[in-house]
Amino acid sequence: SAALVRAEAAEARCRRERSLRAVLEIARLRVESATCSAAARAIADQVAGDDPQLFARLVAGDSVPQPRFRLTRAGDVVLDGTQIELGKRVALRRIVAVLAERRVHAPGEAVALDALVAAGWPGEHIRADAAINRIHVALSTLRRLGLRDLLLTVEHGYALDPAIAVTIDP
């Protein structure tokens with residue numbers, strides 16, 4: 001309880017960190033009640049990011065899920081043990097890499113369309129309408145290859161689902 005009070009005081013200086021607030025609310029529930037699983041999950045579901053989801057699972061006594069999405073060194077995706085080979089589809093590999101990096105380092109934050117274009121076709125000068133078309137074709141292809149449920153269209157761009165565990169091979 002004392003540590004939670006100190007953590008909440010420190011969090012007051014970081015009000016923009018919604019996931020930190022969610023984690024502290026879940027911790028408060030745990031301190032106050034041993035039966036807080038449903039409330040913890042409800043708080044975690046309101047905030048994008050891994051930390052609240054993970055903390056809610058830990059508080060509830062659930063096991064931590066194994067990574068479901070892995071980006072290999074070769075640029076392929078392993079999804080639930082099934083390899084999605086992107087092979088010679090260089091633009092797709094680059095786009096997936098940018099989405100995975102953003103997902104790992106800033107869960108819930110979108111990758112803007114222009115950033116995806118720059119990643120997929122670096123250095124190319126592409127008309128705006130052609131760039132939009134290329135991204136739509138690339139994302140449709142990724143969805144068709146098996147990323148349909150993970151690839152989200154969000155405000156200001158695209159993102160991998162923040163609820164899925166993602167790893168990137170070094």
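## Lining of the largest pocket

How do the residues of the lining of the largest pocket divide into nonpolar, polar and charged? In this predicted model, the lining comprises four nonpolar, four polar and six charged residues. The lining residues number 14, and those nearest the centre of the pocket are Glu-17, Ser-19, Ala-48, Pro-107 and Glu-109. Two or more lining residues come from each of two elements, helix 2 (18-32) and helix 4 (50-60). The space within this largest pocket amounts to about 370 Å³.

Four strands form an open sheet in the order 3-2-1-6, and their pairing is mixed.

Opposite Leu-71 stands Val-77 of strand 2. Helix 5 (residues 90-105) lies across strand 1, strand 2 and strand 6, and its direction makes an angle of about 115° with strand 6.

Strand 4 (residues 151-154) pairs with strand 5 in the antiparallel sense, over four bridges. In this pairing, Leu-152 has Ala-159 of strand 5 as its bridge partner, while the bridge partner of Val-154 is Gly-157. The hairpin has two residues between the strands, and His-156 takes a positive phi near 75°.

In a regular strand, side chains alternate between the two faces of the sheet. Along strand 5, Gly-157 and Ala-159 point one way, whereas Tyr-158 and Leu-160 point the other way. Residues of both groups are buried.

Pro-162 is located in the loop between strand 5 (157-160) and strand 6 (166-168). With a relative accessible area of 18%, Pro-162 is buried, because the cut-off for burial is under 20%.

Beyond residues up to four places away in sequence, Pro-162 touches Ala-48, Gly-49, Asp-50, Arg-103, Gly-108 and Leu-152. Among these contacts, Ala-48 is also one of the residues nearest the centre of the largest pocket, and Leu-152 is the residue whose bridge partner in strand 5 is Ala-159. Arg-103 is 59 residues from Pro-162 in sequence, yet the C-alpha atoms of the two are 6.7 Å apart in space.

## Ala-60 in helix 4

Ala-60 belongs to helix 4, one of the elements that give two or more residues to the lining of the largest pocket. Its relative accessibility is 23%, so Ala-60 counts as partly exposed.

When neighbours within four places in sequence are left aside, Ala-60 is in contact with Ser-37 and Arg-41. Lys-88 lies 28 residues from Ala-60 along the chain, and 44 Å separates the C-alpha atoms of these two residues.

Key: Residues are numbered from 1 along each chain as its sequence is written. This is a predicted model: local features need pLDDT of at least 70, side-chain atom pairs count only at pLDDT 80 or more; totals for chains, interfaces and linings use all residues. Side-chain values use heavy atoms; hydrogens and water are left out. On a 1 Å grid over the protein atoms alone, a cavity is a set of points where a 1.4 Å probe fits but cannot get out, and a pocket is an open set with protein on both sides within 12 Å along at least five of seven lines; lining residues have an atom within 4 Å of a point. Grid points are joined across faces, edges and corners, and a volume is the space filled by probe spheres set on the points. Ala, Val, Leu, Ile, Met, Phe, Trp, Tyr, Cys and Pro count as nonpolar, Asp, Glu, Lys and Arg as charged, and the others, Gly among them, as polar. Buried means under 20% relative accessible area, exposed over 50%, partly exposed in between (1.4 Å probe, protein chains only). Contact means heavy atoms within 4.5 Å. Two strands pair if DSSP finds at least two bridges between them. Axes are lines fitted to C-alpha atoms, for helices over the stretch in contact, and angles run from 0 to 180 degrees between N-to-C directions.
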